[in-house]
Amino acid sequence: SSSSSSSSLSSNLGRVACECTRYVSAIEDTSGSLGEPLETVPPFTFKELLMLKALAKFGSIKAAAEYLYVSQSSVSSQLSSLEQKIKATLVNRHPGIQGASFTEEGQLLLRYAERILTASSEAVRALEDLNNVEVGAVNLGASQTTGTYLIPRLAASFQQKYPGVTVKLTVGSTRSICTSVSNGEIDVAIVGGEVPPELMDNLQVTTYTEEEFVLILPPRHPLSMKKQIEKERLYSLKFVSLNQNSTSQKFQTQTLKENGLNPKMLHIQMEFNSIEAIKSAVQHGLGAAFVSQSAVQKEVQLGLVHSSSIQDVILTRKLQVVTNRKRYFSRAAQCFTQEILTAADWYGIQQSSEQRFFIEGKR
C-alpha cells in the first residue's frame, strides 16, 4: 500500500540521514576525540556526491555530464546506483522534459553531500599547505561594486607577490557572498552591504576601510566648475541611479536622510542595474549620480565626468572583510587576508582560526 511504502521510504531516509550526520560529524570534529566508530561505510562514494552536486548546480543530466567530462549514461548509471543503495528516489523523472528536479529526499542528501565535499576539500588543502606555502588557491568573494573595482587591484598586487597561488573571484549580492563564506565555498570576502545576522555564528567580520560615495556630473554641466556644491542645489539636479531595491541604492537613500536631505525630492530621471551604465549615462549628459569613488577614479582622471563633494554631507559606508571562523583557513587565504588588513586586524582573525583548529590539538 502507499502508506507502507511511504513509511518504508521515511525509515530508509531516516537511516541514511542519521548515518550522514554521524559521518559529517566525524570528519568535521576538531576536538581530537576518536568518538564512536561508524558502524557501516556510508552508502555513497565521493564520485556519486560530486555527480549529485553537479546535477543540482546545472539542472540536467546532460549539463552535469559535460561539466564532469563523462557520458550522460555514466551520470544516469551513478544516479540509479545511488538510489538503489539508499532505497530512495532522489530526482524526479519527467518524460520529455530535460531538466531535473530533486525530491525531498534528494534535497536532504544534497545538503549533506555539500558539507562532506567541503570538508574533504579542506583536508586536501591542509595537506597541500604542509608541503608548500607558495602554491595553492584562494577563493575570494565580493559584493558588486567591490568585486568590480577594488578586488581586481588587490588580487593583482597579491599575485605579483605569490605568482603560484590561483585566485578565483565570485561576485554577487552581500547575502549570497556571505552565505558562500558560511558554507565554506569562499575563503575571504569583502562586502559593502549588511552581513546577514543569522550567519554571524559562523562568520568573522572585520572592518577593512571606509568607502566614500561622490557626486558625479557631466563634464560640461554648469556646476562642474565647483569643487563643492551646496546640498540644497541637489534638488534642482536631474539624477540617474541604481534600481531602488539594490543594496547600494538603499544605503545612499538612508545616508542622504541622515544628512538632512529628502531623497523623495530628488528628480530621478532613469534607473539602471549597473554602475557602468550609470557612468555612461552621466558622461552623455543624462544626469548626475552618486557612485563609489573607487568606481569612478579612471573617468575623473580622464575628464569624462566631474566629481564634486557636497557641503555638510558625508557619504561613506564600511567595507568589511568576512571569513569563516569554523572552517579551515588555508595558507593562501591567510596570506591574502594578511596583505589587505592591518597587523591588529589580522591578529584577531588569526587567533579565531587558531582557537578553532589548533588549540584543542595541543592540549
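Is K87 buried or exposed? At 52% relative accessibility, K87 counts as exposed, where exposed means over 50% relative accessible area, buried under 20%, and partly exposed in between, computed with a 1.4 Å probe on protein chains only.

This is a predicted model, in which local features need pLDDT of at least 70 and side-chain atom pairs count only at pLDDT 80 or more, while totals for chains, interfaces and linings use all residues. Residues are numbered from 1 along each chain as its sequence is written, and side-chain values use heavy atoms, with hydrogens and water left out.

**Overall picture**

The protein chain has 363 residues, of which 42% are buried. Contact here means heavy atoms within 4.5 Å. Among contacts between residues at least 6 apart in sequence, 73% join residues at least 24 apart.

The predictor's confidence in each residue is given as pLDDT, from 0 to 100. The chain has a mean pLDDT of 80, and 78% of its residues reach 70 or more. Over residues 1-6 the pLDDT is below 50, and this stretch has zero contacts in the model beyond near neighbours in sequence. Residues 357-363 also have pLDDT under 50, and the model gives them nine contacts beyond four places in sequence. Where pLDDT is low, the predicted coordinates should not be read in detail.

**Two helices in contact**

Helix α3 (residues 61-68) packs against helix α4 (residues 72-86) at an angle of about 105°, and their axes are 8 Å apart. That makes α3 roughly perpendicular to α4, a label for angles of 65 to 115 degrees. Axes are lines fitted to C-alpha atoms, for helices over the stretch in contact, and angles run from 0 to 180 degrees between N-to-C directions. On the α3 side the contact involves I61, K62 and A65, and on the α4 side Q72, V75 and S76. These residues divide into three nonpolar, two polar and one charged. Ala, Val, Leu, Ile, Met, Phe, Trp, Tyr, Cys and Pro count as nonpolar, Asp, Glu, Lys and Arg as charged, and the others, Gly among them, as polar.

**Loop residues with positive phi**

K87 lies in the loop between α4 and β1 (91-92). D312 is in the loop between β11 (306-310) and β12 (316-324), and is exposed. Neither residue is glycine, as the phi entries for K87 and D312 state.

| Residue | Phi | Relative accessible area |
|---|---|---|
| K87 | near 55° | 52% |
| D312 | near 65° | 62% |

I216 belongs to strand β6 (residues 203-217) and is buried, at 0% relative accessibility. Leaving aside neighbours within four places in sequence, I216 is in contact with V282, A288, A289, V291, V296, V305 and H306. I216 and V291 are 75 residues apart along the chain, and their C-alpha atoms are separated by 7.3 Å.

Helix α12 (residues 331-340) contains T337, which is buried with a relative accessible area of 0%. A polar atom of the T337 side chain lies 2.8 Å from the backbone oxygen of A333. Q334 and V188 are 146 residues apart in sequence and 8.9 Å apart in space, C-alpha to C-alpha.

Definitions and conventions
Helices (H or I, at least four residues) and strands (E, at least two) are DSSP runs, numbered from the N terminus. Angles under 35 degrees count as roughly parallel, over 145 as roughly antiparallel, 65 to 115 as roughly perpendicular and the rest as oblique. A polar contact is a pair of N or O atoms within 3.5 Å; within protein, one must be able to donate a hydrogen and the other to accept it, and residues adjacent in sequence count only if both atoms are side-chain atoms.
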